[in-house]
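Subject: Structure for you to look over

Hello,

Here is the structure I said I would pass on. My notes on it follow below.

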Amino acid sequence: MRILFSLVIAGAVSVVALLNLPGAGPVPQTPKKPVTDEYQGVKVEDDYQWLEQDNDPAVKAWSDAQSRRTRQYLDKLPDRAAIEKQLTDWYAKTSPSYSGLVSRPGLLFALKFQPPKQQQMLVTLASAEDLKSEKMVLDPNKLDPSAKTAIDWFVPSRDGKYVAMSISQGGSEDGTLHIYETATGKVLKDSIAHVQYPTAGGSAAWNADGTRIYYTRFPPQRRTTRCGPEFLSAGLLS
């Protein structure tokens, strides 16, 4: 997997280096920093493995420079503004879509996507045939107007009174578990960090009477690895 990812980066760097975009600034330099790894007795040298460290200030600076140059070119295209307006209008008229339906007594939980909003919202319905019965539980777009907060997944209690949600910020997919009252949308004081991680996902499960929840959690020292293991814990909600 790492070999493939490195090859993809190397290929992308090569393509970017060959581009001569009219109206854009000079091509940002991409230093070669050779690193040799051995896989099953085969040594592989990678000049651009340093670009995998997305928290490295040098990588962020390189990525920002590439984005600025691309933005300079795209923003000067004569038809861009008209195309953007047309697409925005189309997306705004798109009918909402529902996914991830979960049934509880008298309620149907669903993730609702309504363009032009960027993030899915959690709603409840009396039934799939009665969209007018829709009630909002959580709208991340209101929680974070920058649209960088998302619902990773949700699990309603068996009676539907509460719903546990993994919520991540900044596109990290590093989710924190929050408990919401279904009827009011009020968040409870309990929260549990690191229940979701992008390389391994996450999950939660309620006990029968909705007083206890079981969840996956990733310890901080494990979250820095490429594929850190998950383990099961139990939390008692007050």
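Of the contacts in the protein chain between residues at least 6 apart in sequence, 35% join residues at least 24 apart, where contact means heavy atoms within 4.5 Å. This is a predicted model, in which local features need pLDDT of at least 70 and side-chain atom pairs count only at pLDDT 80 or more, while totals for chains, interfaces and linings use all residues. Residues are numbered from 1 along each chain as its sequence is written, and side-chain values use heavy atoms, with hydrogens and water left out.

The protein chain has 5 helices and 13 strands; these are DSSP runs numbered from the N terminus (helices H or I, at least four residues; strands E, at least two). Of its 238 residues, 35% are buried (buried is under 20% relative accessible area, exposed over 50%, partly exposed in between; 1.4 Å probe, protein chains only). The exposed surface comes to about 14,800 Å², with carbon and sulfur atoms supplying 56% of it (Shrake-Rupley method, 1.4 Å probe; for residues, only the protein chains shown count as cover).

Aromatic pairs

The whole structure holds 3 aromatic pairs (rings of Phe, Tyr and Trp, the last by its six-membered ring, with centres within 6.5 Å; planes under 30 degrees apart are stacked, over 60 edge-to-face, the rest tilted). One of them is stacked, because the ring centres of Tyr162 and Trp206 are 6.4 Å apart and the planes lie at 20°. This pair links distant parts of the chain, with Tyr162 in strand E8 (residues 162-169) and Trp206 in strand E11 (residues 204-206), 44 residues apart. Both Tyr162 and Trp206 are buried.

Tyr197 and Phe218 make a tilted pair, at 5.9 Å centre to centre and 45° between the planes. Tyr197 is in the loop between strand E10 (187-196) and E11, and Phe218 in the loop between strand E12 (212-217) and helix H5 (220-223), so the pair ties together parts 21 residues apart in sequence. Relative accessible area is 16% for Tyr197, which is buried, and 1% for Phe218, also buried.

Ile151

Ile151 sits in strand E7 (residues 149-156) and is buried at 11% relative accessible area.

Second largest pocket

The second largest pocket holds about 160 Å³ of space. On a 1 Å grid over the protein atoms alone, a pocket is an open set of points where a 1.4 Å probe fits, with protein on both sides within 12 Å along at least five of seven lines, and lining residues have an atom within 4 Å of a point. Helix H3 (residues 80-93) gives the most to the lining, with 4 residues. Among the lining residues are Glu84, Tyr91, Phe113, Pro115 and Pro116.

Backbone

The peptide bond from Pro115 to Pro116 is cis, with omega near 5°, and Pro116 lies in the loop between strand E4 (107-113) and strand E5 (121-125). Gln40 has a positive phi, near 50°, and is not a glycine. Gln40 is in the loop between strand E1 (35-39) and strand E2 (42-46) and is exposed at 86% relative accessibility. Ala147, not a glycine either, has a positive phi of about 65°. Most residues other than glycine have a negative phi, and most peptide bonds are trans.

Regards

Terms used. Points joined across faces, edges and corners; volume = space filled by probe spheres on them.
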